[in-house]
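Please examine the sequence and the model below before reading on.

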Amino acid sequence: MQQTKGLLGVVFFLSLLVVSPVRSETAVTTKTGSDQDVQVLLKKIQVAAQRLNYSGTFVYQQANEVRSSRITHILSGKNEIEKLEVMDGKPREYIRNNEDVACYVPEAKTVLLEKRLTRDVFPAILAASPADLADHYTIRMDESGRVAGHDCQAVVMEPKDKLRYGYRFCADQATGLLLKAQTLDGKGNLVEQISFTQIEIGNIDHNRVKPSFANTNGWHVENSIVSQSHLSGWTVVPPPGFHKIQEVKRLISDAQASGNASSPHPAASPREVSQIVFTDGLAAISVFIEPGVQNRSEGAMQQGALNIVSRRQGDYWLTVVGEVPGVAIRQVSNSIEFKSK
């Protein structure tokens, strides 16, 4: 499954998702706290991640794997500036200025430039209104607690079918900033967790969002060009409640797809990859379609909440990726058809 493991690089580089709210009038169900209390809290979580200045270290846990990162977020006028530093393993640093993202890879002296299409990076993981989410999740207040020294209020989102995970969010009571996010399976078991271990909110020095690499003269720059696409002939049936919100295409090299940045000048020629994105307002599923010339093995894998299925169909290679249970990913993969004119 070595070829399949390389899909993680594709996911990391390609699965940039857009979540656009679709208005619904469904009421939110709560066990403690009123419907209005839950809606106010979720909206506060959503706004806080975009509008507050903060800097902190968070830990991502799945099974026996633990990874730490540091994020610093500044709102300067109407501009969002964000710096994400990977603290474990090989150093990586991401600087985002509104929708423009630069990834610094120091050991390869490479900068990867990308347009952000998603707004689901912790702690900014909510992008739909509570009323929209209530079509597919039962939402209720949960017990309060403490995370990273801050008092927090928890909210639980239980899926109404087996095609979604459940979630438990814990937000700072004073500001609404999300401090911990847990993904739960159908039995309520923890699948993965992201949690701040240290956080500062407000009065963040703007110098802290500057790149750590002052001199990048001579570094190789790779610019990912993304354009809108219309994949005529392809039909994909998502799970109930998931809506198509994006079709894009881009050029990607095998070095980018595998996550291998060992050379500042990869020899692999780029190829065109198309992506279709579906969302229910919280979870998202991406379908990648590309020429089937690569030497790969069909298969499936799971990493935390992320499930991946990859297979050949005619002259194409299909990869379905999503932070949903494996049954949902297989359902989408089996539904894909191509009808030539």
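A residue is called buried when its relative accessible area is under 20%, and exposed when that area is over 50%. Cys-103 has a relative accessibility of 7% and therefore counts as buried. The model under discussion is a predicted one.

The chain as a whole may be considered next. It has 341 residues, and 53% of them count as buried. Its secondary structure consists of six helices and 21 strands.

How many disulfides does a search of the whole structure find? The search finds one, and this disulfide connects Cys-152 with Cys-170 at a sulfur-to-sulfur distance of 2.1 Å. The two cysteines belong to distant parts of the chain, 18 residues apart: Cys-152 is located in strand S8 (residues 150-159), while Cys-170 is located in strand S9 (residues 166-172). The link between Cys-152 and Cys-170 is right-handed, with 75° about the S-S bond. Cys-152 and Cys-170 are both buried.

Is Ser-333 buried or exposed? Its relative accessible area is 2%, so Ser-333 is buried. When neighbours within four places in sequence are set aside, Ser-333 is in contact with Val-309, Arg-311 and Val-320.

Technical notes. Residues are numbered from 1 along each chain as its sequence is written. This is a predicted model: local features need pLDDT of at least 70, side-chain atom pairs count only at pLDDT 80 or more; totals for chains, interfaces and linings use all residues. Side-chain values use heavy atoms; hydrogens and water are left out. Helices (H or I, at least four residues) and strands (E, at least two) are DSSP runs, numbered from the N terminus. Buried means under 20% relative accessible area, exposed over 50%, partly exposed in between (1.4 Å probe, protein chains only). Contact means heavy atoms within 4.5 Å. A disulfide is a pair of cysteine sulfur atoms within 2.5 Å.
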